[in-house]
Amino acid sequence: MRQVLEEYRGLIKRRSIVMVSLVIMLLSLTLFSISIGSMSLSLDKVVEVLTFIFLPSSRRMDPSLVRIIINLRLPRIIMAIVAGACLGVAGTILQVILRNPLASPYTIGVTSSAAFGAALAIILGAGVIGWMGKNIVYTNPYVVVFNAFTFSAMCSIIVAFLSLYKGTSPSATILAGIAMTYLFSAATSLLQYFGTTEQIAALVFWVFGDLGKAEWLDVSITSCIFLITLPLIMWLTGDYNALISSDEVAESLGVNVKTVRIISLIMASLLTATPIAFVGTISFIGLLAPHIARLIIGSDHRYLVPTSALIGAILLLAADTAGRTVLSPLILPVGILTAFMGVPLFLYLLLKRREGYL
Amino acid sequence: MILRVAGVCFRYGSLPVLKDVTFEVNKGEVACILGPNGSGKTTLLRCINRLLRPYKGSVLVNERDVISLKRAEVAKIFGYVPQIEENRFPLTVFEAVMLGRRPHMGWRPSKRDFKAVSDILRDLDLEGLAMRKVSELSGGEWRKVIMARALAQEPEVLLLDEPTNHLDLKHQVEVLSLVRTLAKKKGLCVIMAMHDINLALRFSDKVIVISEGRIVFSGKVSELSPSIVERVYGIKVEVLHDGNGIPIIIPAI
């Protein structure tokens, strides 16, 4: 008996070490990411400027340098971290409540409905656009953001009701999500058919998922959503563990399955809709992060949820940093880079279907 | 401690599945539910555990009606082992058994939870497997882990749906002996739905035979007559006796 508890303690210790290493990885990646760009800085310089920003002192600092970091690099980088964490957590809870390793924010239609909301604003003129060289400028980008958010929220409410009607079974929820995905993609195509070339171009740019759009207000709102939902999700982690096997088992262990599923569905929608409304579609982080996390930390959701958040943040920041460097000075939208991430994941699952994931 | 199922009626939509089911099981007793496929055995277990809500009747544990209790309260009374259980996202055996502490524990397992789990792992001889992933276990080991989880709930009643399904002879005997020992030692009330009549009779104190949602026999193992089995399963049977008063029922060919 002693020995079993010792072994379990060892496991917990190993998990803590993994999580601490991930935090260190994320921090170093952040510093590295701040240092690169059209004006490349040494890491020392980055640390110096950051200390200057956060701990104001009498020392003098080049104001243009501070401005570049505060206004251009930091919002983008923090948005990458927060959005990645949001998507990682959303994917994890969707996979467990739908008991499907291939579930992601796509599965419940959140992304396609956000795109529809944006299309409505861009093409039907709720947001007026201009065409300036290569940059699409919205006179009021928040109209698009608001539209995208409203429609993803609407979509997840419809999915939640449809699934509730059928007793919230995983398959009912997935089918409802797929139906909504098709509905909104079809509606977006319809709008595109009537749009002008410029409008369609603007929509395509929006859909690409570009962290460069992020401003401090966007970053703050997304961070708030993350910080509000995370404690509730952590509170439910014990129920998620019970839900791994089946609804029946979870109920026999005292879990109120319907309530947990509906709350989680709403949390996951918020966590996805918010970053997507601000920066556009970012695919596969919500699918990939939980898988990597599960591989390195196991399936106990008390550890899995924070680990998925960390991995989501690292993946998205790494992808964006790569997007800023590979074709520099051209910056690739991060959504395009993450889209490629799905390929190795599915090939991996195809080749190593051992753990009973599928 | 006594479990009393009184006049339970249940239907799926308009299809009646259980009709006025009434029986009692005492503390420390193992009762098996026999009956052909589709006779309502699993439905009955689910109604007792309140996974399904009967539209009439009551389930009483120590004279307390279970139907009106909260889910978490019900989970402290009944440990449930379903017929088939998949595992998509593998936990370790230790964590899987810890799930049974769910109704008792807060967010973090307490000392008592750790002790309960490690005691059960020792009792069921699963200590060596504690850190293995459940996806790497054999069918027999996995069954034992699920059983361990149900025991970690510290239930008063253990409900087993086909506990010997997919197990070889050795594991069948092992699992059922364990159930019997636990019932006697911990004073549990055990109800198990079974297909293998002879295996069931060998390890039970009480037999409940159910056919088309109705109880057709409820009593001691030695009192089960072949005519009931013939009527319920619709085949001719012969009865041998093993000398300990336990009938052995074989189909007459």
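Colleague: How many bridges join strand E7 of chain B to strand E8 of chain B, and do they run parallel or antiparallel?

Modeller: In this predicted model, strand E7 (residues 157-161) and strand E8 (residues 189-193) of chain B run parallel and are joined by five bridges. Within that pair, B:Asp161 stands opposite B:Ala193 in E8(B).

Colleague: What packs on the sheet there?

Modeller: Helix H6 (residues 169-186) of chain B does, touching strand E3 (30-34), E7 and E8 of chain B. The direction of H6 makes about 135 degrees with that of E3(B).

Colleague: In what order do the strands of that sheet come?

Modeller: The order is E6-E7-E8-E3-E9-E10 in chain B, an open sheet of six strands with mixed pairing. E6 and strand E10 (214-220) of chain B each have a single partner strand, so one side of each is left without a neighbour in the sheet. On average, neighbouring strands are turned by 15 degrees against each other, direction ignored.

Colleague: Turning to the other open sheet, which strands form it?

Modeller: Four strands of chain B form it, in the order E2-E1-E4-E5, with antiparallel pairing. Strand E2 (15-26) and strand E5 (64-65) of chain B stand at its edges. Strand E1 (residues 2-12) of chain B pairs with E2(B) over eight bridges, and B:Val8 has B:Val21 in E2(B) as its bridge partner.

Colleague: Which helix lies across E1, E2 and strand E4 of chain B?

Modeller: Helix H1 (residues 41-48) of chain B does, running at about 65 degrees to E2(B).

Colleague: Next, the contact between the chains. How many residues does each one contribute?

Modeller: Chain B contributes 33 residues and chain A contributes 31 residues. On the side of chain B that touches chain A, H4(B) gives the most, with five residues. The residues of that side divide into 18 nonpolar, six polar and nine charged.

Colleague: And the largest nonpolar core: which residues touch the most other members?

Modeller: B:Val97 and B:Val190 do, in a core of 179 residues. Helix H3 (residues 63-97) of chain A gives the most to this core, with 17 residues. Not counting residues up to four places away in sequence, the residues that B:Val97 touches include B:Val117, B:Ile120, B:Leu121 and B:Val145.

Colleague: Lastly, how many residues lie between E11(B) and E12(B) in their hairpin?

Modeller: Five residues lie between them, and B:Gly243 in the turn has a positive phi of about 95 degrees. E11 (residues 237-241) and E12 (residues 247-251) of chain B run antiparallel and are joined by five bridges, with B:Glu238 opposite B:Ile250 in E12(B).

Key:
Residues are numbered from 1 along each chain as its sequence is written. Chains are lettered from A and ligands numbered from 1 in the order in which they are written. This is a predicted model: local features need pLDDT of at least 70, side-chain atom pairs count only at pLDDT 80 or more; totals for chains, interfaces and linings use all residues. Two strands pair if DSSP finds at least two bridges between them. Helices (H or I, at least four residues) and strands (E, at least two) are DSSP runs, numbered from the N terminus. Two residues are in contact if their C-beta atoms, placed from the backbone, lie within 7 Å. Axes are lines fitted to C-alpha atoms, for helices over the stretch in contact, and angles run from 0 to 180 degrees between N-to-C directions. Ala, Val, Leu, Ile, Met, Phe, Trp, Tyr, Cys and Pro count as nonpolar, Asp, Glu, Lys and Arg as charged, and the others, Gly among them, as polar. A nonpolar core is a set of buried Ala, Val, Leu, Ile, Met, Phe, Trp, Tyr and Cys residues joined through C-beta atoms within 7 Å. A residue is buried if 20 or more other C-beta atoms lie within 10 Å of its own, exposed if 12 or fewer, and partly exposed in between; C-beta atoms are placed from the backbone.
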